[in-house]
Amino acid sequence: MTPIAHIRSLFADKFGVPRQGNLAPHVISEIVFEAPYRNPDCVRGLEGFSHLWVIWGFHCNEAAGWSPTVRPPRLGGNTRMGVFATRSPFRPNPLGLSVVKLVSVEDGFLRVSGADMVDGTPVYDIKPYVPYADIVPEATGGFTDTPRELLQVQVDCPMPRSAGEEWQAAMQEVLAQDPRPAYQQDAQRVYHVVLKPFEVSFRVVDNVAHVVAVKRV
């Protein structure tokens, strides 16, 4: 498959990417079309839809292979489930599927919110989200039906002047989802997540993410 576009986002690497993008609506990304598809006719009528399905590739995992079972973070990283019963990035075909909110249609790119993708992620297709067909009120969510507890976020350091309100809101939403691996619970360990153009250092104590440093990278 040939990518039709690539993602331009805050996330420089996998660590910190929200496990559920819709819980981080202040994360604004751009879907930048490749030359053959940078044609206004390709997106004619798209502005009438509020949300999109995006089919994309786990390009950071291509050499990692796959396993019939994986350990979902939702289950603490200890219980194995079948790969097809999870949204693990380590799949036979490294394809991702996300719903994003369409913010605006621009010349050559789409601005979207809630995208859970690393900067540079290849996009293979875009389809409109159709509420009357895509919403399934009676759907069940298996082991994900129990809501994940969000962290509180406390900023214990000065913020750079150039860190605007939208970026700070995105940082809060990302950290609230607890980007740490499920098996790491060391309250003294400092973690680092890059939300361009800054690196955020934080530690987690008693379900509170304490931001201890924010510096430009």
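A residue is called buried when its relative accessible area is under 20%, exposed when it is over 50%, and partly exposed in between, using a 1.4 Å probe and protein chains only. Keep that in mind as we walk through this predicted model, where local features need pLDDT of at least 70, side-chain atom pairs count only at pLDDT 80 or more, and totals for chains, interfaces and linings use all residues. Residues are numbered from 1 along each chain as its sequence is written, and side-chain values use heavy atoms, with hydrogens and water left out.

Let's start at helix 2, which runs through residues 165-176. Helices (H or I, at least four residues) and strands (E, at least two) are DSSP runs, numbered from the N terminus. Among the buried residues of helix 2 are Trp167, Met171, Val174 and Leu175. Their cover includes strand 9 (152-155) and strand 12 (208-216), where contact means heavy atoms within 4.5 Å.

Now step just past helix 2 to Asp178, where phi takes a positive value of about 60 degrees. Asp178 sits in the loop between helix 2 and strand 10, and it is buried, with a relative accessible area of 10%.

Further along, the loop between strand 10 and strand 11 holds Pro197. Lys196 and Pro197 are joined by a cis peptide bond, with omega of about 10 degrees. Most residues other than glycine have a negative phi, and most peptide bonds are trans.

Our last stop is Asn207, in the loop between strand 11 and strand 12. Asn207 has a positive phi, near 65 degrees, and is partly exposed, with a relative accessible area of 42%.

Notes: Expected span 1.5 Å × (residues − 1).
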